[in-house]
Amino acid sequence: MTTGAVGNGSRTGLRLPLGLWGLSRALLLLCVFKIVVIPGPDITFDVSNIYQGWYEVLRTGTYPLDDVTWQYPPAAAFAILAPGLLPFLGYASAFFLLAFLCDALVFGLLLYTGRRAGRSSRGAWFWLAGVPLLGPTAYARYDVMVTAVAVAALLAAGRSPRVLGALAGFGAVLKVWPVLLLAGTPKGRATFRSWPAAVGAAAAALGFCLLWMPGALAFLGFQRDRGTEVESLGAMVFHVLRHVGWEGEAKMNYGSIEFLGPYVSTVSTAALVLTIAAFGWLLVWRVKARHFASSTVADAAFVAVLLFTTTSRVLSPQYMLWLVGLAAVCLAHRSSRMRKPAHLVLWATAVTQFEFPVWFSHVTRSDPLGIAVLFTRNGLLIAATLIACRILWRHTVTEPRLAATGKIPAQATRPDREKALSGSF
């Protein structure tokens, strides 16, 4: 009787999130299939033209060597070729369906994790809300597939560091940023298991791609030559300068709208320096960190990707999906303190849909509306990054040091029972 009641209650508790997920994702599918039309540029153009063009080239047995818009690591070919697994559908339709299935996988993993001891369903709810806030862009780029790999890796971290490492290594050959998932692995056995697994998986994936087709590393040159995208942090300088006589322009370059003109190379270099400085801070944090809770792997990955995204000279709308996925994993841990920066990311994701596609024409013209929406989104990201860095440092460096020196009472730290329930290391 009791077991049955619990089972029935459990099934009842799933109906609301599953129902809301189904409704919101049905709306996304209506958008990408153009039954519901979102104002602004055609979101599906990349899939139906660029991705499909790459697909046709890849099928001939070579990477797109003559296409400067191919700026992705070699394993990205797997994602581009994946719609071929559904030959009964057109390329774009198959791609959208696969994106939908990856979304469902992430949601299912977060729901399952939320039912374990020391975990929370907040992560599943966060993902449920975050993806539709980004709009149809979430299904019209292959980033949802990469995010699914990253989420699966982080959720496996507590039980199997080797699985974390293997998925992070493969993800790095898929789109580079998943290597940052390893930033917060606990010192000692977990690191010694996960990092070699990551190197092995990355080497295996890269080696396969190099033997599979010529041109696997062509993306390096194309990526190196990119400029400052109009949506990035550095671009905010030129949006303002355009109103005081700057002679540059915003135009299509290397597959996106970038600023071209005086001082652009200087700002691009400054962005690179800022990224290096950010990762320098991350390295210092790792050396000084004393306490690794069950959520630290996810928290550090969230912070690392925030630093990488916010300081990048390219800040495409789909990058928000990475942050939504990592924030969801953070919130799936009861011990995580990343709730405030996660909510800032959620607000930034909502603003992003207005920045692109709805008001993208205003952004490219640097008119008051475009500047306002872009500065709001980037301002939220900057705030989220700074707050998340502060939380991570305080939770893993400052508080453990004070506790060790006796400057804070023992009862100020989490009780042993809470540590056990949360699975702290």
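Colleague: Why is cysteine 209 called buried?

Modeller: Cysteine 209 has a relative accessibility of 0%, and a residue is buried under 20% relative accessible area, exposed over 50% and partly exposed in between, with a 1.4 Å probe and protein chains only, so cysteine 209 counts as buried. Please keep in mind that this is a predicted model, in which local features need pLDDT of at least 70 and side-chain atom pairs count only at pLDDT 80 or more, while totals for chains, interfaces and linings use all residues. Residues are numbered from 1 along each chain as its sequence is written, and side-chain values use heavy atoms, with hydrogens and water left out.

Colleague: How do you know that the structure holds 0 disulfides, and what does this look like at cysteine 209?

Modeller: A disulfide is a covalent bond between the sulfur atoms of two cysteines, and here a pair of cysteine sulfur atoms must lie within 2.5 Å to count. The structure holds 0 disulfides. For cysteine 209 the nearest cysteine sulfur is that of cysteine 102, at 18 Å, and cysteine 209 is in no disulfide. Cysteine 389 is in no disulfide either, as its nearest cysteine sulfur, that of cysteine 330, is 12 Å away. With a relative accessible area of 10%, cysteine 389 is therefore buried.

Colleague: What makes α6 roughly parallel to α13?

Modeller: Helix α6 covers residues 143-156 and helix α13 residues 319-331, and their axes come within 9 Å and cross at roughly 20°. Helices here are DSSP runs of H or I with at least four residues, strands are runs of E with at least two, and both are numbered from the N terminus. The axes are lines fitted to C-alpha atoms, for helices over the stretch in contact, and angles run from 0 to 180 degrees between N-to-C directions. Angles under 35 degrees count as roughly parallel, over 145 as roughly antiparallel, 65 to 115 as roughly perpendicular and the rest as oblique, and therefore α6 is roughly parallel to α13.

Colleague: Which residues make that contact, and how do they divide?

Modeller: Contact means heavy atoms within 4.5 Å, and on the α6 side it is made by Asp143, Val144, Thr147, Ala150, Val151, Leu154 and Leu155, which face Leu321, Trp322, Gly325, Leu326 and Val329 of α13. These residues divide into 9 nonpolar, 2 polar and 1 charged, where Ala, Val, Leu, Ile, Met, Phe, Trp, Tyr, Cys and Pro count as nonpolar, Asp, Glu, Lys and Arg as charged, and the others, Gly among them, as polar.

Colleague: What makes α11 roughly antiparallel to α12?

Modeller: The axes of α11 (residues 264-288) and α12 (residues 296-310) come within 9 Å and cross at roughly 160°, and that angle makes α11 roughly antiparallel to α12. In this contact Ala278, Phe279, Trp281, Leu282 and Trp285 of α11 meet Thr296, Ala300, Val303, Ala304, Leu307 and Phe308 of α12, and the residues divide into 10 nonpolar, 1 polar and no charged.

Colleague: Why are serine 194 and alanine 198 called buried?

Modeller: Serine 194 lies in helix α8, residues 189-212, and its relative accessibility is 0%, so serine 194 counts as buried. Leaving out residues up to four places away in sequence, serine 194 touches Pro161, Leu164, Gly165, Leu182 and Thr185. Alanine 198 lies in helix α8 too, and with a relative accessible area of 6% alanine 198 is therefore buried. Beyond its neighbours within four places in sequence, alanine 198 is in contact with Gly165, Ala166, Gly169 and Leu182.

Colleague: Why is valine 176 called partly exposed, whereas tyrosine 263 is called exposed?

Modeller: Valine 176 has 40% relative accessibility, so valine 176 counts as partly exposed, whereas tyrosine 263 has a relative accessible area of 58% and is therefore exposed. Valine 176 sits in the loop between α7 (161-175) and α8, and tyrosine 263 in the loop between β3 (256-260) and α11.

Colleague: What is the phi of each of these two residues?

Modeller: Most residues other than glycine have a negative phi, and most peptide bonds are trans. Valine 176, although not a glycine, has a positive phi of about 65°, and tyrosine 263, not a glycine either, has a positive phi of about 75°.
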